[in-house]
Amino acid sequence: MEQQPELSADVPRAWDRPIVSVPILTFLSLVGGQLPSFSPQANLYTIGTGGALVWLGLSNRMPRRTVPQRLGSGAVWWVLPVMIFGVFEAGTFMLGSRDDFPTFSKIADPLLDDSLIRSAVYFAWLSAFWGLVRR
Amino acid sequence: MKLLAIGGFTTALLLFVVVEWAARREGSRIPTFGDVCAYVMQYEVGPVPVGRIALFGFWWWMGWHFFAR
């Protein structure tokens, strides 16, 4: 039996337009933003939403955008922010993520206690995840 | 020292925004971050989509790390 080739499309389908995906992601983010850290609900919800997106992304059910065949030399610019972030994350982590030299997540934790900020960051996480699934 | 850490992370995040902005200009030779991710994600070892699994796994872990743990 012939295998179904990977789907690739630049034209969004009706259900794949922002008018459909944004409200769904917003709803999921608002729910996720209400769940406190370290709670079983937050664990289940994050693992569940992420797991569903991983499943969608690894199955060939979703149409994908065109992949660039090669990256130009300009791609090297991306090394700069990645390296700066990596150096600070590694440095703060290796020094024990102290209060006076915290890791990124330790800085973010107090901000994420606010449910509105938490929902907004949840939205960014899910949107980026959805973008990866479509790639 | 705390200000140094905050300053370092803020600089890195601002640079992400600046490079993405530069990449989206017409005729730019810099690929967008999405294109870089897509390029990495097409890496396969035999039939195993190693690039996709790695990026999905990393991003899944990021969400769990910030929202659940």
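How much space lies in the largest pocket?

Author: Happy to. This is a predicted model, so local features need pLDDT of at least 70 and side-chain atom pairs count only at pLDDT 80 or more, while totals for chains, interfaces and linings use all residues. Residues are numbered from 1 along each chain as its sequence is written, chains are lettered from A in the order in which they are written, and side-chain values use heavy atoms, with hydrogens and water left out.

Now, the largest pocket holds about 1,800 Å³ of space. On a 1 Å grid over the protein atoms alone, a pocket is an open set of points where a 1.4 Å probe fits, with protein on both sides within 12 Å along at least five of seven lines; lining residues have an atom within 4 Å of a point. Grid points are joined across faces, edges and corners, and the volume is the space filled by probe spheres set on them.

There are 44 lining residues, and B:Leu13, B:Phe16, B:Phe33, B:Trp59 and B:Met62 sit closest to the pocket's centre. Both chains join in: α3 (79-94), α4 (104-112) and α5 (115-133) of chain A, plus α1, α2 and α3 of chain B, each supply at least two residues. Helices here are DSSP runs (H or I, at least four residues), numbered from the N terminus. The biggest giver is α3(B), with nine residues.

Sorted by class, the lining has 30 nonpolar, eight polar and six charged residues. Ala, Val, Leu, Ile, Met, Phe, Trp, Tyr, Cys and Pro count as nonpolar, Asp, Glu, Lys and Arg as charged, and the others, Gly among them, as polar.

As for how the chains meet, 42 residues of chain B and 54 residues of chain A are in contact (heavy atoms within 4.5 Å).
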